[in-house]
Amino acid sequence: MWNKIRGSLPLQLVFAAGAAWILASGLTHFVYPNGTAEIDQQAWYQFLMLGKTVYIGLLKMVVGVMVMLSLIEGISNIGAIAKLKTLGGRTLAFYTFTTMIAVSLGLGASLLLPAWQPLTQAVPLAEGTRLIGEQAASGGAIATKLLNMALVNPVAAIADGNLLAVVVFSFMLGISLLSALPEKHPLFEVINGLNKGINTMVGGIIRLSPLAIFAIVLEFSLKGSTALFSQLALFALLVFALTMLHGLVVLPSLAKLLTGIKISTLFKGISAPLAMAFATSSSAATLPLSMRSAQDLGVSPTTSSMVLPLGSVMNMDGTALFEGVAAVFLAQLFGVDLTTTGIVMIFIMAMVSSIGAPGMPSGSMSGMQLVLLAAGIPLEAIAILLIIERPLDTFRTAVNVEGDIIAALVVDKWQRSEGNN
């Protein structure tokens, strides 16, 4: 049994999470029955939290460089601009298609269900919460924001964890190298060697993931409060049900239909990255594990090195679904009459604002504000979402990561089919 756990990362993650939950339950019942407010000061607790700090810190250190080298190598391996155009076009088309399904699912279910009861008293904003200006919802402002995120010095982008800028620069550099240099140029060998070195480093970091999962689950179990969910239980249940429907039915069905993969094989192959995405609420932190799992499922390195980094930036099915449901929910709470135009604006803005959303916990809140502005919903309504946004973020991040890996499977299947013709 122990040998089986040692050889399986998903089992290690489950074992670590279970051990953390058992420890937290014992502490809250026997050691801290009157509350856990003082636990932050305990030396043993700070020591256990080092597992999360070290793991997340190491990933932040390498993820930008890994995305850059992976994309450049993936582009160089394609060998021709025409093939790059085909692969990129198919990737963008599939991501757009699944995001449209997610937003449609969220909006459709929300509008078909009975309306929520309007609020009689506004929920106060949390201290430190900043709202954006109304002018930020215009098309020009949104385009400016995306461009300001994308067109950044690549060194600064890597340092700040701005993956959108890293992806843009990597694409530009990869295409330029592909156009300027012969296919067998030594520089491509250097890039390939650097990429292998980074992947080896990432493989070592991933071995620490059970320690991170243990620390994260322990922290959440000790400090999480179910009282926060009382006012929004039905809304949270609706978002959870729709997210699970998309993640357990829609996406796997597309994978089965378009690639022929068995559902059991799919979930066995992606269990480790899903567990990591659920625990960290960060698609960026899960990217190295996603790339390894995709290649274990048979995706070619050329495809995975392009599709998955792109997905961590622009494929946010769970986020788009959440924003659609939340917009209808808040509109009804605040008595905003959603016309057909308002619904269309929510649909468009939920799709657009999910692109480039930071791959980190609660990274979608700025995009959510854009959706509210577009639908004419008071920005103060964001206070309600902040109450339960973080727990729901865990599920939708897992769905985001699942969508990335399934996209890699589908696009790779299309690429192989074309190559055989």
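## Packing of helices H12 and H13

In this predicted model, helix H12 (residues 283-296) packs against helix H13 (residues 301-314) with the axes 10 Å apart and at an angle of about 155°. Because angles over 145 degrees count as roughly antiparallel, H12 is described as roughly antiparallel to H13. The crossing of H12 past H13 is right-handed.

The residues that meet across this pairing can be listed for each helix. H12 contributes Ser283, Leu287, Ser290, Met291, Ala294 and Gln295. From H13 come Pro301, Ser304, Ser305, Leu308, Pro309 and Ser312.

## Aromatic pairs

A pair of aromatic rings is described by the distance of the centres and the angle of the planes. The model contains six aromatic pairs. One of them joins Phe235 and Phe322, with 6.4 Å from centre to centre and 55° between the planes, and is classed as tilted. Phe235 belongs to helix H10 (residues 233-259) and Phe322 to helix H14 (residues 317-333), so this pair ties together parts of the chain that are 87 residues apart in sequence. Both Phe235 and Phe322 are buried.

The rings of Phe240 and Phe395 also pair: their centres are 4.8 Å apart and their planes stand at 80°, so the arrangement is edge-to-face. Here Phe240 lies in helix H10 and Phe395 in helix H17 (residues 382-420), and the pair therefore ties together parts 155 residues apart in sequence. Phe240 has a relative accessibility of 31% and counts as partly exposed. Phe395 is likewise partly exposed, its relative accessible area being 24%.

Ring pairs link Phe235, Phe322 and Phe329 into a cluster.

Apart from neighbours within four places in sequence, Leu242 is in contact with Leu105, Gly106, Ala109, Leu321 and Val325.

Terms used
Residues numbered from 1 in each chain as written. Predicted model: local features only at pLDDT ≥ 70, side-chain atom pairs only at ≥ 80, totals over all residues. Heavy atoms only, no water. Phe/Tyr/Trp six-rings, centres within 6.5 Å; stacked < 30°, edge-to-face > 60°. Helix = DSSP H or I, 4+ residues; strand = E, 2+ residues; numbered from the N terminus. Buried < 20%, exposed > 50% of the residue type's maximum accessible area, 1.4 Å probe, protein only. Axes fitted to C-alpha atoms, helices over the stretch in contact; angles between N-to-C directions. Parallel < 35°, antiparallel > 145°, perpendicular 65-115°, else oblique. Left-handed = near helix turned anticlockwise from the far one by under 90°. Contact = heavy atoms within 4.5 Å.
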